[in-house]
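Here is a short tour to read alongside the sequence and the structure. Please keep both open as you go.

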Amino acid sequence: MITKFIKRILRRDPMVKHTQANNTGAPKRIPKKSHRIDPHLLSKNAVKVTHTLQQAGYEAFIVGGAVRDLALGISPKDFDVATNATPEQVQKLFRKARLIGRRFQIVHVTFFGKGHPEIIEVSTFRALLDNAGDHVAESGRILRDNVWGSQGEDAARRDFTINAMYYDPSSETVLDYHGGMADMEKKTLRMIGDPAKRYREDPVRMLRAIRFAAKTGFNLDDATRTPIAKLGKLLNDVPSARLFDEILKLLMSGYSWAAIQGLKDAGLHHGLLLPLLDHILDDSEASKGANSFVKLALANTDQRIQSGKSVSAGFLFATLLWPDLLKNWKGNIAKGAANIPALHDAMDDTIATQSSGMTIQRRFESDMREIWSMQSRFERRVGRYPYCLIESPRFRAGYDFMLLRCATGELNPAIGQWWTDFIEADTVGQDELMASVKNESGNSASPTKRRRRRKPKAALPPEGAAS
Ligand code: ATP
Ligand code: MG
């Protein structure tokens, strides 16, 4: 135990002296004139980070998804930097630098400017873990990942060839170790190394394959696709929080519908990730209504993300689970529960069923509950209710959600229009709108368009009293 601990500490010691086992050969150097990278799309802060590191005598490159996106002519959403400086050495060079992560130690360098702060993620070149001993679980899954290495080794442990290119902003040169540029031209997504082994090391790579294929429109290389059918079940062993992060990235990629279809084609959706994906991908006649709601919600999310707008994860999960919630809500009412308690019980049931797959984080859960519980209040346009509802902090999310329900015909579109007018009206206009619905029969708060009056319950004998 103690020797293991000491070994681990020694491995984590700053070691700019790299392991020599660079079995990947020299990279292809792609000069400025042969790649399509437009320096205007670079983050000034990422360039500052590489320059500072280079000035201090280290190697530093923009790496990974940012280089892939730049080569595709897309503006990257974030920038990662790879260097041969250790995290501690990086930290010393920047004022706002924080060491984070245990399994994968990196440095976050934060820049404050106009708008949102920008975080540049700086990671130290890491080695391959072929003889990693206690770094690898029995299934082959990598547990810890802090063994520093050469740039060649760092490239070899990345996932896809198009994600393993290094760009030096000062020379405008790309270093390409695994033929990423050629794969880009062939529009192919190819796993580096033996795909089955790489999926065993980290099953999340299967989800990443589907996400990047959807995002780039590239085809998965045959050898990269084939093992997924057999190894998909390994996703069961991945910690729930990590799975959640990756699914969230997939849903927020701007290509969520294509990605979900990709999961289905790869056979990755069943029960594994979310019971909710089973619903979404169920083509049966009975699921048509639910599907059209979710499809619309996802198309709406994709459109927002592609046009640079933000989307809240709570909102997104609220839409994905809504068909299930609606079914439970109606079911509870049919069993005789009053409308609001029926809704609250349905929320508990829906979230509990969901948690048998991937656990949705608490902060999103409370957003979802708020959006859902607001839905029963949109139809209640009497007294002070609408005036109070409009003041609630999550009103906008609840309202957008309600408009989606109108768009699929689940809710009378006139109600959506009424609220749109109500938001825009002045106080006089709002009072007029209230008056216009005073005697409307559908002005209730149930998931069915009109609430049937329940017959008073016949006096049932208390449980266990029957003879
Ligand atoms: P995105 O546009 O979604 O940020 P990305 O490629 O930048 O895509 P990240 O999750 O930010 O994805 O990871 C950055 C880089 O780290 C990847 O491009 C890849 O080189 C490497 N990487 C990330 N996750 C893995 C993994 N599970 N296995 C191997 N390499 C990985
Ligand atoms: Mg990234």
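## Two loop residues to look at

Where is the place of E172? Look in the loop between β7 (165-168) and β8 (173-176), and you will find E172 there. Please keep in mind that this is a predicted model. In it, E172 has a phi near 55°, a positive value in a residue other than glycine. Most residues other than glycine have a negative phi. E172 counts as buried because its relative accessibility is 18%, and the cut-off for buried is under 20%.

K187 also has a positive phi, near 50°, and is likewise a residue other than glycine. You can find K187 in the loop between α6 (180-185) and β9 (188-189). Its relative accessible area is 49%, so K187 is classed as partly exposed; exposed would require over 50%.

## The sheet

Now for the strands. Strands of a sheet pair through backbone hydrogen bonds, either parallel or antiparallel. Here, 8 strands make up an open sheet with mixed pairing, and their order is β1-β8-β7-β2-β3-β6-β5-β4. At the edges are β1 (28-30) and β4 (97-100), each of which pairs on one side only. From one strand to the next, the twist averages 30°.

## Around ligand 1

Next, turn to the ligand. Ligand 1 is surrounded by 18 residues, and the closest are R68, N163, D202, R205 and R211. Sorted by class, the shell holds 14 charged, 3 polar and 1 nonpolar residues. Three helices, α3 (65-71), α8 (204-216) and α10 (240-251), each contribute at least two residues to this shell. The largest share comes from α8, with 5 residues.

## Polar contacts and burial of the ligand

Which atoms would you check at the ligand itself? A polar side-chain atom of D202 is 2.7 Å from a nitrogen atom of ligand 1. A nitrogen atom of ligand 1 also lies 3.1 Å from a backbone N or O atom of D159. On the side chain of R158, an N or O atom is 3.0 Å from an oxygen atom of ligand 1. Taken alone, ligand 1 exposes 590 Å², and the protein buries 86% of that.

Notes. Residues are numbered from 1 along each chain as its sequence is written. Chains are lettered from A and ligands numbered from 1 in the order in which they are written. This is a predicted model: local features need pLDDT of at least 70, side-chain atom pairs count only at pLDDT 80 or more; totals for chains, interfaces and linings use all residues. Side-chain values use heavy atoms; hydrogens and water are left out. A residue is near a molecule or strand if one of its heavy atoms lies within 4 Å of it. A polar contact is a pair of N or O atoms within 3.5 Å; within protein, one must be able to donate a hydrogen and the other to accept it, and residues adjacent in sequence count only if both atoms are side-chain atoms. Accessible areas come from the Shrake-Rupley method with a 1.4 Å probe; for residues, only the protein chains shown count as cover. Helices (H or I, at least four residues) and strands (E, at least two) are DSSP runs, numbered from the N terminus. Ala, Val, Leu, Ile, Met, Phe, Trp, Tyr, Cys and Pro count as nonpolar, Asp, Glu, Lys and Arg as charged, and the others, Gly among them, as polar. Buried means under 20% relative accessible area, exposed over 50%, partly exposed in between (1.4 Å probe, protein chains only). Two strands pair if DSSP finds at least two bridges between them. Axes are lines fitted to C-alpha atoms, for helices over the stretch in contact, and angles run from 0 to 180 degrees between N-to-C directions.
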